[in-house]
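Welcome! Let us take a walk through this structure together, one stop at a time.

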Amino acid sequence: MSDLTPNTSSSVRPFSSEEPAVTVPSFRPPVSPEDQTIFFPHAQGTPPPEPPVRIPHLGHAALFLAIAGAILLLIQLLFLGFNHPPAIGAKGAAGAMSPKFLVGSEALSYLATLALSWFIFPLLWKRPFPEGIQANLDAARRNALRLIPIGLILSVTVQAISSLISLPKNIPMDDFFRTPSDVWLVAAFGTLLAPLFEEVLFRGFLLPGFAIAYDWLSLPRTQAAREQWRSNNKLTRPSLVFSAVLTSILFAALHGQQTAFTWPVLLLLFCVSLILSYARLRLRSVMASTLIHVSYNATIFIFVFIVTGGFRHLDKIAH
């Protein structure tokens, strides 16, 4: 991640973000200009806020996670209550925790969290939710023909390497591939909704949040340094590298249970997350990393669809 901003001086560019110029108040940077990158562009045609703000910080990320956790818990309790009113026996509990229950409740909680966040966070940020997380759909749309193949190639590469890794005989992910209906549900969820939510969380909230915290903690405790901090909305390159690594560790850990925490697989997921973070920073677009993530997951399910004859012969994917 040596270059986190578009390189306009080179004739060969991996992406074409074509972002409008961004101006910030002049100040004397604590480090050389090449070690800094503007992470929070302002809305086109509007002046920078006074004073500049850094969002989303870790407090916003914690609020987003709290909303998601509370909604997921509420939905699962409601589902369990409707399906087993008085009490839940052992057999009932097993049925309640079926793939359809888990995926369905998770999907509803994701949708509800995103919908609620759409209204809550603009009240805190004084700007629309997509702008606050730097969704930047236009950058993703302009570079779609480059981003989609990246996800495809990345997915094929990871699957090829994973085929050489010995996995435990029974892993939790196998439970979602027992029946065709379960696989269709997981494929829809994993292709359409899960990538969006995960990118909003990891690349929209946590990536800037950890970078802001890094720069704040490394700031000299002087009045001049604090005034300098308040005079701009830039983040240093070391903070972004640190945040990309830390969020990638958390990203891999989130998916660890699915593969029984098989370390070679987790390492692959860590590398995938680093690439997603680079694309998000390079184009200043959460939707850009989301598009790669969607393409990555879709390639996996297309491969499973072909191998199993339309999800009808799931025994063919037993490892």
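**A patch on the surface**

Helix α11 gives the most to the nonpolar patch, with 3 residues; helices here are DSSP runs of H or I with at least four residues, numbered from the N terminus. The patch covers about 440 Å² and is made by Trp184, Ile302, Phe305 and Ile306. Patch members have over 30% relative accessible area and no salt bridge, and nonpolar side chains (Val, Leu, Ile, Met, Phe, Trp, Tyr) are joined within 5 Å. A salt bridge would be a side-chain nitrogen of Lys or Arg within 4 Å of a carboxyl oxygen of Asp or Glu. Areas come from the Shrake-Rupley method with a 1.4 Å probe, and for residues only the protein chains shown count as cover.

Before moving on, please note that this is a predicted model: local features need pLDDT of at least 70, side-chain atom pairs count only at pLDDT 80 or more, and totals for chains, interfaces and linings use all residues. Residues are numbered from 1 along each chain as its sequence is written, and side-chain values use heavy atoms, leaving out hydrogens and water.

Ile302 is found in α11 and is exposed, with a relative accessible area of 51%; exposed means over 50%, buried under 20%, and partly exposed in between.

Now turn to helix α6, residues 144-162. Its buried residues are Ala144, Leu147, Gly151, Leu154, Ser155 and Val158. They lie on the same side of α6 because they cover an arc of only 100° around the axis, taken from the directions from the axis to the C-beta atoms. On the face turned away, α6 carries the exposed Leu145 and Ile153.

Notes:
Helix = DSSP H or I, 4+ residues; strand = E, 2+ residues; numbered from the N terminus. Expected span 1.5 Å × (residues − 1). Buried < 20%, exposed > 50% of the residue type's maximum accessible area, 1.4 Å probe, protein only. Patch = residues over 30% accessible without salt bridge, like charges linked within 9 Å, V, L, I, M, F, W, Y side chains within 5 Å.
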